[in-house]
Amino acid sequence: MVRQYAKWRVEELNRRGWRCEARIADRCDHKASQLHHILSRSQGGAVMEADNVMGVCLYCHTWIEHHPREAKAKGWKRSPWKGEFPNE
């Protein structure tokens, strides 16, 4: 599974042109090096589903994970629960 995901990840970033899709503020370097899962894998999100990921740079990925409400408002994060995120 790990090798299959690694291959899919590179293919998906290639498909997206290795561009950061979040582009948060002036710290974004515009080069995606990671895939962010919109509905996290731990909450039931699909691991290898193009509709559940977005290409992001390290700064933007960190920002998304640390600002779940703002990210949810922008469509970059989803929760399996209705309403708010449970750990906020």
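Helices, of at least four residues, and strands, of at least two, are DSSP runs numbered from the N terminus. In this predicted model, the chain holds three helices and two strands. Their order from the N terminus is α-β-β-α-α. The radius of gyration is 13 Å, close to the 12 Å given by the globule rule for 88 residues, so the chain is as compact as a globular protein of that length. The C-alpha trace spans about 35 × 35 × 15 Å along its principal axes.

Contacts in the chain were then examined by sequence separation. Among those between residues at least 6 apart in sequence, 54% join residues at least 24 apart. Of its 88 residues, 38% count as buried. The accessible surface comes to about 5,800 Å². Carbon and sulfur atoms account for 49% of that surface.

Charged side chains were counted next. The chain carries 16 positive and 11 negative side chains. The centres of these two sets lie 3 Å apart.

Glu-12 belongs to helix 1, which covers residues 2-15. Its relative accessibility is 4%. Glu-12 therefore counts as buried, since the cut-off for that class is under 20% relative accessible area. Neighbours within four places in sequence were set aside for its contacts. On that basis, Glu-12 is in contact with Leu-35, Ala-50 and Val-53.

Key:
Residues numbered from 1 in each chain as written. Predicted model: local features only at pLDDT ≥ 70, side-chain atom pairs only at ≥ 80, totals over all residues. Heavy atoms only, no water. Buried < 20%, exposed > 50% of the residue type's maximum accessible area, 1.4 Å probe, protein only. Contact = heavy atoms within 4.5 Å. Rg over C-alpha atoms; globule rule 2.2 N^0.38 Å. Areas by Shrake-Rupley, 256 points an atom, 1.4 Å probe, with all protein chains shown as cover. Lys, Arg positive; Asp, Glu negative; His and termini not counted. Charge placed at Lys NZ, Arg CZ, Asp CG, Glu CD.
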